[in-house]
Amino acid sequence: MAHQADFTVRETAELSGVAPGTIEKAIQSKIVPTFPATLHNNSKPTRHLPRGAVVFFHALKAARLTRLPVTHKKKIWQRLAGMEWPRLENIEFSPYTVLHLENVPAELVAATDRYLRDREAFIHSDPDILGGTPVIRGTRITVYSVLGRLDGGETIDDLVEDYPEIDPRAFETAELYARSHPLRGRPAGRPWKTAS
């Protein structure tokens with residue numbers, strides 16, 4: 001599996017279904033590699049993981065092996081990193097102990113590749129457009145406005161009805177991108193103060 005700087009920590013967390021802290025811990029323990037990468041005209045490179053990390057974290061969580069010793073996790077990662085994507089084989093990481101990668105849903109592998117491809121096709125950031133806020137390519141619709149509408153109870157179908165010229169996959173990609181790239185800065189209002 002080629003090492004590419006594919007996903008941020010948060011994208012890996014969203015796709016694999018694990019907490020970002022779990023991924024950060026694995027990075028600190030040098031279980032999985034990271035690579036500097038710059039996406040969408042950002043001036044500052046961030047740490048990215050190869051797409052195989054999505055399968056790695058999902059498989060460990062699904063098999064309830066998140067508390068394995070670091071040496072076993074490193075061995076699993078090394079074997080997984082040497083596989084041809086998307087063909088996954090079971091990994092024996094200690095005598096008679098096997099991580100069954102055939103249990104990884106094919107949809108997870110397909111969704112990982114689809115998001116990688118669609119992120120490049122549909123999400124765009126340009127300092128001259130809304131100050132560089134990520135938008136759906138060819139529009140001024142920000143990924144955060146898409147997320148806000150979906151979190152507010154609307155559906156992808158509602159968005160498509162409002163914007164029939166936009167591929168529904170663009171909205172799906174924008175949602176995942178916005179969730180995994182939260183806006184920086186203080187939240188509006190006083191979230192620490194409860195309403196009376």
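Modeller: Let's start in strand 3, where Leu49 is the bridge partner of Phe7. Helices (H or I, at least four residues) and strands (E, at least two) are DSSP runs numbered from the N terminus. This is a predicted model: local features need pLDDT of at least 70, side-chain atom pairs count only at pLDDT 80 or more, and totals for chains, interfaces and linings use all residues. Residues are numbered from 1 along each chain as its sequence is written, and side-chain values use heavy atoms, with hydrogens and water left out.

Biologist: How many bridges join strand 1 and strand 3?
Modeller: Two, and the pairing is antiparallel. Two strands pair if DSSP finds at least two bridges between them.

Biologist: What order do the strands of the sheet come in?
Modeller: The order is 1-3-2, in an open antiparallel sheet of three strands. Strand 1 and strand 2 (35-37) are the edges, since each pairs on one side only.

Biologist: New topic: is Leu68 buried or exposed?
Modeller: Leu68 is buried, at 15% relative accessible area. Buried means under 20%, exposed over 50%, partly exposed in between (1.4 Å probe, protein chains only).

Biologist: And where is Leu68?
Modeller: In the loop between helix 3 (52-62) and helix 4 (70-81). Beyond neighbours within four places in sequence, Leu68 contacts Leu60, Lys73, Ile76 and Phe93; contact means heavy atoms within 4.5 Å.

Biologist: Which residues are buried in helix 5?
Modeller: Among them are Leu108, Tyr115 and Phe122. The buried residues of helix 5 pack against several elements, including helix 1 (9-16) and helix 8 (168-180).
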